[in-house]
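Biologist: I would like a close look at one part of this chain, the aromatic side chains. Please set that part in the context of the whole fold.

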Amino acid sequence: MNPLYLAASFVTILQIWLYGDRTAWGPIAGLASTVLWVAVMYQLAAWEFAPLNVVTLAVHFRNLRKMKMEAAK
């Protein structure tokens, strides 16, 4: 059992839970999970997942900014 894969999976589960609560911690956990999945991609040399990782990073940054702006209102 690979600890990196487990960490990526559990942080992704946490991210989904936090997004469901609509807190700014959702995108923060999402950014962390994406970093872990990039490490998995690198370890497996699964470069076909690069576009997915780039887009998920962009979406998490967007959601973080959007949630912070909504919280500031």
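How many aromatic pairs does the count come to?

Modeller: The model is a predicted one, and in it the count comes to 1 aromatic pair. The partners are Y42 and W47, with ring centres 5.8 Å apart and 70° between the planes. The pair counts as edge-to-face because its angle is over 60 degrees, and it counts as a pair at all because the centres lie within 6.5 Å.

Next, the surroundings of the two residues. Y42 has a relative accessibility of 59%, which is over 50%, so Y42 counts as exposed. W47 has a relative accessible area of 47%; this value lies between 20% and 50%, so W47 is partly exposed. For the chain as a whole, buried residues make up 25% of the 73 residues.

As for the fold around the pair, the chain has 3 helices and 0 strands. Read from the N terminus, the order of elements is α-α-α. Along the principal axes, the C-alpha atoms fill a box of roughly 45 × 25 × 10 Å. Of the contacts between residues at least 6 apart in sequence, 62% join residues at least 24 apart.

Last, the surface. The chain exposes about 5200 Å², and 74% of that area is supplied by carbon and sulfur atoms.

Conventions: Residues numbered from 1 in each chain as written. Predicted model: local features only at pLDDT ≥ 70, side-chain atom pairs only at ≥ 80, totals over all residues. Heavy atoms only, no water. Phe/Tyr/Trp six-rings, centres within 6.5 Å; stacked < 30°, edge-to-face > 60°. Buried < 20%, exposed > 50% of the residue type's maximum accessible area, 1.4 Å probe, protein only. Helix = DSSP H or I, 4+ residues; strand = E, 2+ residues; numbered from the N terminus. Contact = heavy atoms within 4.5 Å. Areas by Shrake-Rupley, 256 points an atom, 1.4 Å probe, with all protein chains shown as cover.
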